[in-house]
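Student: I am new to this structure, and I would like to learn how to read its features. Could you walk me through some?

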Amino acid sequence: MPGKARKSCPLKNPERPYLAIGLEGSANKLGVGVIRHNIDGSATVLSNVRHTYITPPGEGFQPRDTAVHHREWILKVISDALKTAGVSLHDVDCICYTKGPGMGAPLQSVALVARTLSLLFSKPLVGVNHCVGHIEMGREITGAQNPVVLYVSGGNTQVIAYSRQCYRIFGETLDIAVGNCLDRFARVINLSNDPSPGYNIEQEAKKGKRLLPLPYATKGMDVSLSGILTSTEAYTFDKRFRLDGNPIDENDTYIITPADLCFSLQETVFAMLVEITERAMAHIGSKEVLIVGGVGCNERLQEMMGIMAAERGGKVFATDERFCIDNGIMIAQAGLLSYRMGFMTPLAKSTCTQRFRTDQVHVAWRA
C-alpha cells in the first residue's frame with residue numbers, strides 16, 4: 001500500500017534507502033508498519049497492518065485483557081506486515097516501538113517483543129513518543145508544512161505548535177480526553193464497539209435533529225470535558241429519553257433520542273476544540289491546521305474545522321482511518337527520523353512509560 005511521498009524532510013539525502021519497522025500497542029489497536037525513506041528524501045509506506053481488540057457493547061477495554069490480545073496477535077501482525085512490504089527483519093535499519101504514553105500493560109507487551117527482535121536480529125531500538133508519531137505521520141501524508149496541530153484521541157486532547165525543535169503544547173484537556181468522552185457515552189447508550197464506539201457515535205449523530213443544551217467549558221487555551229459528559233448522561237435518566245426501540249413520533253418534540261444526544265455532544269465538544277485551535281492559529285500566525293489522532297477521522301470535526309480555517313484564509317489537513325487511528329507506520333516514521341539523526345534507545349533503557357509528554361521530545365529532524 002503506497003503512501004503519499006513528500007520531499008520536505010530536512011535531513012540530508014541518504015546515500016541509500018533506509019527501512020524501519022514500527023510496533024504500536026499503546027491501547028486496543030495493535031499495529032505494525034514498514035516505511036522506507038528513499039534517496040530523494042521522500043518516504044514510502046510499504047505496509048500498515050492493524051488488529052483491534054473489540055469488547056462487547058457497553059464494555060470498555062481493560063489493560064490486562066488488552067495486553068493478552070496483543071501477545072496473541074503480535075507475531076501474526078508482524079509477519080503480515082513484513083510479507084506485505086516484501087522485506088525481512090534482516091533488511092530493516094531499526095526497530096521502532098511505542099515508549100509511551102498509553103496503557104501500561106499493552107505498552108510493555110509490545111516493547112518486550114521489540115526488545116526480543118532487536119536482540120535476535122542485532123538491530124538498534126528506537127523508542128517513540130506516541131503523540132509525535134501521530135504528528136509526523138500526519139505531516140508526511142498531508143504535506144502540511146508548519147501547522148497548528150489538533151491531536152484528538154482516546155487518551156489525549158492537545159493543541160500543539162512547533163517551535164525550536166520542540167512540539168509546544170498550547171492547550172489541552174484538563175480532565176478526560178475527547179475520545180474517552182465519546183467512548184464512555186457510547187457505552188452508556190449501549191452502542192457497539194465495532195469498529196469503534198467513536199465511529200458509531202458519529203453515525204448516530206448524523207440522525208440527530210435537536211441540539212440540546214450542554215455545558216460549554218473552554219478555559220483559555222484548555223477545555224474541560226468531564227462536565228459535559230456527566231450532563232449528557234443525565235439526559236438518559238429523563239422520562240422523555242427513548243432507548244427501548246419503540247417507534248418515535250417525529251412530531252413529538254418532547255422525545256429525546258440517542259441520536260439527539262450524540263448530535264448535541266459532538267456539536268458542543270467539537271465547537272470547543274475549534275475555538276481553542278483558532279486561538280492558537282491567531283497566536284502564532286498560522287493558516288494551517290493538521291488534525292491527528294483517532295477522533296481526527298470524524299468527518300463532522302473536519303467540516304467544522306474547515307469552516308473556521310476557510311474564514312481565516314487557511315486550510316485543514318487530515319487523513320483517513322489508515323493513518324488517523326493508532327498504527328504501526330506512524331511509529332516507524334517518527335522512529336526512523338530520530339534514528340537518522342543519530343538517536344537510538346539502549347537496551348537497558350528500552351522501558352515504557354504511561355506518561356510521556358509531547359513537549360518532552362527533542363525534535364532534532366526539524367530545522
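Tutor: Here we look at backbone angles and then at a cavity. This is a predicted model, where local features need pLDDT of at least 70, side-chain atom pairs count only at pLDDT 80 or more, and totals for chains, interfaces and linings use all residues. Residues are numbered from 1 along each chain as its sequence is written, and side-chain values use heavy atoms, with hydrogens and water left out.

Student: Which residues does a cis peptide bond join?

Tutor: Most peptide bonds are trans, and most residues other than glycine have a negative phi. Here, a cis bond links Gly 100 to Pro 101, with omega about -5°. Another links Asp 194 to Pro 195, with omega about 0°. Pro 195 sits in the loop between helix H4 (178-188) and helix H5 (197-205); helices are DSSP runs of H or I with at least four residues, strands are E runs of at least two, and both are numbered from the N terminus.

Student: What is the phi of Asn 190?

Tutor: Asn 190 has a positive phi near 65°, and this residue is in the loop between H4 and H5. Ser 122 also has a positive phi, about 55°.

Student: Which residues line the second largest cavity?

Tutor: Rolling a probe the size of a water molecule over the atoms shows where empty space is left. A cavity is a set of points on a 1 Å grid over the protein atoms alone where a 1.4 Å probe fits but cannot get out, and lining residues have an atom within 4 Å of a point. Among the lining residues are His 134, Met 137 and Phe 323. Helix H3 (130-142) gives the most, with three residues.

Definitions and conventions
On a 1 Å grid over the protein atoms alone, a cavity is a set of points where a 1.4 Å probe fits but cannot get out, and a pocket is an open set with protein on both sides within 12 Å along at least five of seven lines; lining residues have an atom within 4 Å of a point.
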